[in-house]
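Colleague: I would like to learn how to read salt bridges and cores in a model. Can we go through them one at a time?

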Amino acid sequence: MFIAWSFADCTQESVAIELVATGFPPPLHPAEADMFCRQSAMPGHKQDALERAHVVLIGAGGLGSWIGLGLARMGIKALTVIDPDHFDRTNAPRQLMFGPDIGVSKAHALARNLQPHMTNPGSVRAIATPFTRTLISPA
């Protein structure tokens with residue numbers, strides 16, 4: 001079952017940011033293999049559906065940061081990260097964060113760190129607030 005949702009207006013700069021990713025450069029030669037040819041060869045994999053999806057990642061911590069990296073590298077074009085927490089030193093061994101990210105919202109830091117890994121042109125949106133039902137509404 002597919003349920004469509006739209007996000008409530010989170011336009012405060014301290015809460016939501018959106019970064020645009022240019023994606024990887026085009027092939028150098030027409031004979032060069034498609035970037036996604038190996039995953040597209042997997043039975044049941046639908047690259048076009050993955051690229052059309054808007055994925056919402058709730059949590060930018062130990063699991064969410066690495067899942068976000070996998071999604072960015074797989075070709076997702078629209079990703080929203082939601083996390084109200086801030087990155088601190090004790091998070092460093094488990095998360096896709098760096099020294100300059102200490103004290104920064106995990107959602108914002110992860111969005112910035114994922115942007116260069118987006119293999120397709122697209123956007124990464126970060127919302128630094130707790131995920132609640134008031135944040136979304138049925139589309």
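Colleague: Is Asp48 buried, exposed or partly exposed?

Modeller: Asp48 is partly exposed, with a relative accessible area of 46%. Buried means under 20% relative accessible area, exposed over 50%, and partly exposed in between (1.4 Å probe, protein chains only). This is a predicted model: local features need pLDDT of at least 70, side-chain atom pairs count only at pLDDT 80 or more, and totals for chains, interfaces and linings use all residues. Residues are numbered from 1 along each chain as its sequence is written, and side-chain values use heavy atoms, with hydrogens and water left out.

Colleague: Which side chain does Asp48 meet in a salt bridge?

Modeller: Side chains of opposite charge can pair when their charged atoms come close. The cut-off is a side-chain nitrogen of Lys or Arg within 4 Å of a carboxyl oxygen of Asp or Glu. Here Asp48 meets Arg52, at 3.3 Å from N to O. Arg52 is exposed, at 63% relative accessibility. Helices (H or I, at least four residues) and strands (E, at least two) are DSSP runs, numbered from the N terminus.

Colleague: How many salt bridges does a search of the whole structure find?

Modeller: It finds 3. In one of them, Asp85 pairs with Lys106, the closest N and O atoms being 3.2 Å apart. Asp85 lies in the loop between S4 and H4, and Lys106 in helix H4, so the pair ties together parts 21 residues apart in sequence. Lys106 is buried, at 6% relative accessible area. Asp85 is partly exposed, at 38%.

Colleague: Which residue forms a salt bridge with Arg112?

Modeller: Asp101 does, with the closest N and O atoms 3.6 Å apart. Asp101 sits in the loop between S4 and H4, and Arg112 in helix H4, 11 residues apart. Asp101 is buried at 4% relative accessibility. Arg112 is partly exposed at 38%.

Colleague: How many residues of H4 are buried?

Modeller: 8 of its 9 residues are, so H4 is largely enclosed by the rest of the structure. What covers them includes S2, strand S3 (54-58), H3, S4 and S5.

Colleague: How many residues has the largest nonpolar core?

Modeller: A nonpolar core is a set of buried Ala, Val, Leu, Ile, Met, Phe, Trp, Tyr and Cys residues joined through side-chain atoms within 4.5 Å. The largest here has 22 residues. Leu79, Val81, Leu110, Leu114 and Val124 have the most contacts (heavy atoms within 4.5 Å) inside it. H4 gives this core its largest share, 5 residues.
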